[in-house]
Amino acid sequence: MATVSVTDISKTYPNGAQAVHPASFDIADGELIVLVGPSGCGKSTLLRMVAGLEDITTGDLHIGARLVNNLDPAERDIAMVFQNYALYPHMSVAKNMAYGLKNRGASKEQIVAKVDEAAEMLSLTALLDRRPSQLSGGQRQRVAMGRAIVRDPALFLFDEPLSNLDAKLRHQMRVEIRNLQRRLNVTAMYVTHDQVEAMTMADRIFVLNAGRIEQIGTPSEIYRKPASTFVASFMGAPPMNLLSAQSVGGQVQIGGVALGLSCADGDVTVGIRPEQVAVTQGGTIPFKLTLVEELGASRLLHGTVAGQDFVVNAPNDDAALADDLMLDFAPDALHLFDAQTGQRL
Amino acid sequence: MKRAAFSQPLMPVALLLPQLVIIAVFFYWPAWEAIYSSFFLQDPFGFGSNFVGANNYTRLATSSEYAKVAGFTVFFTVIVTVLSLGTALLLAVKADKVVRGAKTYRTLLMWVYAIAPPVAGFLGALLFDQNIGPITDLFAFFGYNLQIGLNYNDTAFAMIVVSVWKQIPVNFIFLLSGLQSIPVAVREAALIDNKSGTRRFWDITFPLLAPTAFFLLIINITYALFDTFGVIDIMVKGNPASNPITLVYKVYTDGFRGSDLGGSSAQSVVLMVLVLALTVMQFRMLERRIHYT
């Protein structure tokens, strides 16, 4: 259990590629933060820098009160759960969990007690003598968790731990990991490319893009007030609709229809979440329907608004739909972004 | 599971035939001939043979010369295997850690492997040549007169060095690929679990390398026992009397030089049994401790 403090940390590879641009942030004790972003955005690199598996090019990394930049991974008091579990294939489950403790000079009794406790917590007791190859994906994931738990580390690091699991198991493990982290009250950094995982698990989400942190915020902040078009389109499924619009005479318009929003004249990008659009007779914005996706509880209406792709998440009332519909946007559900920089206005 | 079936009963036999013929001609037949003739005493000039029962074997068992050669063979095999595997492992572990210029470095280390074995043996022999050999010169510089083919210990030394040298690249390639097939994440997990690089090697890397190492152990023992024939032949310069030789070389000298076909056949049978026993033992003792992923 510890705080993490990161100051201007950056990573440049020898070939000049900058994987992580200087970033600073703090993580509170017991907080779970999720690093999320598309592949190659630097989220894993950042995590691996914290773990000590990648060198830190510039900046300071403190775990607790210690500056750990130049410490070996084994000395940083961290535990890491890898995407493909990274269990030692030649060791039993018990030995896998005990290995880190053994090397830290724990006594035999301590090790047995710790391993038993963790196995109990993760319902692995019956599997302690098995080899990793004899376990299912979910069980292996649990062993990887157990290996992290037994050490009581200051910081948990998760590198896409659920990516190799099927959807059902992933959901179950997501809840389990979150529960465990709360119960142990341990600080954690969690990397994923899955925005649902990020939304459901995080105390705070860090959205990364091209080596930079685009936004840091609670899941609800990220969802309600995305800092840029990138965050707006990355978080949320289906993603936020982004429309090119113009502001004329201080009024934002799309295809000549004023939206009831004002800003300085010029090009802007208007964002609206598919679930915050109403299909109604009295709407002011014409929508051309091209495709309907049934989701059960709701349905996704794909089409165009003013010639631009647009998706509406409408309640599934089984009503037949005409090809031309009218939409209504509530002004307070709209987001305005700079058309050039993509930054929130 | 669906079983494949042939409509023609002779078809599978026909398909297997080439393989069976090769095994029969090149293994079973000579093996049978060796076993058969090991019970006879042949006339050196080919005028028939007499059945002598186990005489050839009892002669071997009581021969002090045979015991000496067998002793040297064991020593030679153990030392060649240990040195070539050990050196190759060291080189592979180091090569695996090289980041810059890794490809060039690895290619250089594998180069010897690309040289045909007899040429490599000849090159090795040249290094120890009495007149122009740089290694002989080096020893002379330190005041030691290295006499290959004359001094028993010197010849043994040169045989071991050349045999080890020739085998290192083979072992190196296998061990390096074995090391590189260990998942990166497993090594990283070990990095977090254990601070000591040496402990990590013995706890994690080596056990995961064990299948490769076990395979190489068998290959190397076989190599030292049999495939070093060429090296020995060049080193002893056709004068095996006062020089160290291995059992295989003795089979050759007794059979083809000494024209004692029966005795030499008995020796081959002993070798055959030895290799069989060795392989079975290795699998029994070692394989159960090895984890194949």
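In chain A of this predicted model, strand E16 (residues 285–294) runs antiparallel to strand E19 (residues 324–329), and four bridges join the two. Strands here are DSSP runs of at least two residues (E), and helices are runs of at least four (H or I), both numbered from the N terminus; two strands are taken to pair if DSSP finds at least two bridges between them. Within this pairing, A:Lys288 stands opposite A:Asp324 of E19(A). E16(A) is also joined by six bridges to strand E17 (residues 298–305) of chain A, again in antiparallel fashion, with A:Val292 opposite A:Leu301 of E17(A). E16(A) and E17(A) form a hairpin that has three residues between its strands, and A:Gly296 in the turn adopts a positive phi of about 100 degrees.

Residues are numbered from 1 along each chain as its sequence is written, and chains are lettered from A and ligands numbered from 1 in the order in which they are written. Because the model is predicted, local features need pLDDT of at least 70 and side-chain atom pairs count only at pLDDT 80 or more, while totals for chains, interfaces and linings use all residues.

A second hairpin in chain A is formed by E12(A) and E13(A), with two residues between them; A:Gly255 in its turn has a positive phi of about 50 degrees. Three bridges join strand E12 (residues 251–254) to strand E13 (residues 257–262), and the two run antiparallel. A:Ile254 has A:Val257 of E13(A) as its bridge partner. Both strands belong to an open sheet of five strands in chain A, which has the order E13-E12-E11-E14-E20 and antiparallel pairing. E13 and strand E20 (335–338) of chain A each have a single partner strand and stand at the edges, so one side of each is left without a neighbour in the sheet. From one strand to the next, the twist averages 40 degrees, an angle taken between N-to-C directions, on a scale from 0 to 180 degrees, of axes fitted as lines to C-alpha atoms (for helices, over the stretch in contact).

Chain A as a whole has eight helices and 20 strands, and its C-alpha trace spans about 75 × 45 × 35 Å along the principal axes. The domain assignment gives domain 1 (4–234) and domain 2 (241–338), with bounds that come from an automatic or database assignment. The C-alpha centres of these two domains of chain A lie 39 Å apart. Five residues of domain 1 are in contact with five residues of domain 2, contact being defined as C-beta atoms, placed from the backbone, within 7 Å of each other. The side of domain 1 that touches domain 2 has two nonpolar, three polar and no charged residues. In this classification, Ala, Val, Leu, Ile, Met, Phe, Trp, Tyr, Cys and Pro count as nonpolar, Asp, Glu, Lys and Arg as charged, and the others, Gly among them, as polar.

Of the 345 residues of chain A, 40% count as buried. A residue is buried if 20 or more other C-beta atoms, placed from the backbone, lie within 10 Å of its own, exposed if 12 or fewer do, and partly exposed in between. Among contacts in chain A between residues at least 6 apart in sequence, 64% join residues at least 24 apart. A:Val191, in strand E8 (residues 187–192) of chain A, is buried, with 26 other C-beta atoms within 10 Å. Beyond its neighbours within four places in sequence, A:Val191 is in contact with A:Leu35, A:Lys43, A:Ser44, A:Leu47, A:Phe158, A:Asp159 and A:Glu160. The C-alpha atoms of A:Val191 and A:Leu157, 34 residues apart along the chain, are separated by 8.1 Å.

Between the chains, 19 residues of chain A are in contact with 16 residues of chain B. On the chain A side, strand E6 (78–81) and helix H2 (93–102) are the elements that give two or more residues, and E6(A) provides the largest share, three residues. The residues of this side divide into twelve nonpolar, five polar and two charged. The predictor gives the complex an ipTM of 0.84 and a pTM of 0.80. For chain B, the mean pLDDT (the predictor's confidence in each residue, from 0 to 100) is 84, and 95% of its residues reach 70 or more.

Conventions:
Two residues are in contact if their C-beta atoms, placed from the backbone, lie within 7 Å.
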